[in-house]
Amino acid sequence: MNAPLTEPSSTTTEDLGHQRAAIAALGHELRALVDATVRTAAPAEALHRMTDEVRRLTGRLTGRRRLRAEIPAVDVFPGGVRMYSPVTGPGSPLAPPMRVTPDGDGVVGHCTLGIAHEGPPGYVHGGMSAMLLDELMGWACYGAGTPAMTVSLRTRYHQPVPLETPLRVHARVTGTEDRKIFVAGSISTEQDRTAELVTADAVFVSPDPDRARALFPDGAP
Ligand SMILES: CCCCCCCC/C=C\CCCCCCCC(=O)SCCNC(=O)CCNC(=O)[C@H](O)C(C)(C)COP(=O)(O)OP(=O)(O)OC[C@H]1O[C@@H](n2cnc3c(N)ncnc32)[C@H](O)[C@@H]1OP(=O)(O)O
């Protein structure tokens, strides 16, 4: 019988590194499982056997469960580490995950999407493109020293975004007006950075400190 999986109690830097590596490793395998799941042509009996096995595995992830709005001990909020972000989180089976780095006066994100994120056959779901852009535009605000939340996001889809193709997402702050931050973003392929497949412009707002404390009681920016 396997021992139940529980969280470690101490949080030294070394432990944190090990914990993050373990979270990323599990996330990686779960993304592979998601990919295999949406590609398989296995017959019903095989799928039923798999379902039983997966249910058993899920039951083994025991221990304390994170509460809603609780910031995971492995995260740094709002400093940027979000292990379970559905866009950048290495621990999330939903995330590509997109890697974000500074780029000139903005930020750039790199990722490749598989058919789990398919919209039209062979191409990325438009909602997924909007999600990549929304996240990266949030990072652009954070990089500019003004963590903020999206109040408006407009996307324009010029050409379909191909699956299984390295993508480059770009975002930069174009202006500010009191607590409002204006941001522009785009998606291209790594191979042809000049062809903007999707472009976006957004308005973000930095909540005032009282509002931020009310929204994020576990760690207001
Ligand atoms: C402190 C935030 C920390 C965030 C996290 C940082 C982590 C950094 C680390 C790593 C980066 C990760 C990046 C992640 C990115 C993800 C992004 C998302 O998915 S965000 C989720 C979706 N967005 C919402 O759920 C917002 C819902 N909206 C609200 O809760 C409120 O609107 C809020 C708190 C944002 C602002 O509320 P008020 O009461 O403080 O502000 P009011 O007075 O309503 O508006 C301020 C100004 O903004 C304008 N405004 C409001 N909505 C607008 C709109 N839709 N379009 C244009 N302007 C708008 C208003 O007209 C006003 O302007 P006038 O002062 O009058 O000039």
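The loop between β4 and β5 is the place of Asp 178, and its phi is near 55 degrees, a positive value in a residue other than glycine. Most residues other than glycine have a negative phi, and most peptide bonds are trans.

This is a predicted model, in which local features need pLDDT of at least 70 and side-chain atom pairs count only at pLDDT 80 or more, while totals for chains, interfaces and linings use all residues. Residues are numbered from 1 along each chain as its sequence is written.

**Other backbone features**

Just after α3, Gly 145 takes a positive phi of about 85 degrees.

**The chain as a whole**

The secondary structure of the protein chain comes to four helices and six strands, where helices (H or I, at least four residues) and strands (E, at least two) are DSSP runs numbered from the N terminus. Read along the sequence, these elements follow the pattern α-α-β-β-α-β-β-β-β-α. Of the 221 residues of the protein chain, 23% count as buried, and the C-alpha trace spans about 60 × 45 × 30 Å along its principal axes. Among the contacts with a separation of 6 or more, 62% are accounted for by residues 24 or more positions apart, a contact being two residues whose C-beta atoms, placed from the backbone, lie within 7 Å.

**The sheet**

The six strands of an open sheet take the order β1-β2-β4-β5-β6-β3, with antiparallel pairing; two strands pair if DSSP finds at least two bridges between them. The edge strands are β1 (99–103) and β3, each of which pairs on one side only. From one strand to the next the twist averages 20 degrees, with axes being lines fitted to C-alpha atoms, for helices over the stretch in contact, and angles running from 0 to 180 degrees between N-to-C directions.

| Strand pair | Bridges |
|---|---|
| β1 and β2 | five bridges |
| β4 and β5 | 10 bridges |
| β5 and β6 | eight bridges |

Individual partners can be picked out in these pairs: Asp 103 has Gly 106 in β2 as its bridge partner, His 170 stands opposite Ser 186 in β5, and Lys 180 has Val 205 in β6 as its bridge partner.

Helix α2 (residues 44–60) has 17 residues, which at 1.5 Å a residue should span 24 Å, and its end C-alpha atoms are 25 Å apart, which agrees; the expected span is 1.5 Å times one less than the number of residues. The number of buried residues in α2 is zero, so this helix lies largely in the open. His 48 lies in helix α2 and is exposed, with 11 other C-beta atoms within 10 Å. The C-alpha atoms of His 48 and Asp 201, 153 residues apart along the chain, are separated by 45 Å.

**Around the ligand**

Which residues come nearest to the ligand? Of the 24 residues around the ligand, they are Pro 78, Gly 138, Pro 147, Val 151 and Ser 152, a residue being near a molecule if its C-beta atom, placed from the backbone, lies within 6 Å of it. The largest share of this shell, five residues, comes from α3.

Conventions:
Buried ≥ 20, exposed ≤ 12 C-beta atoms within 10 Å, placed from the backbone.
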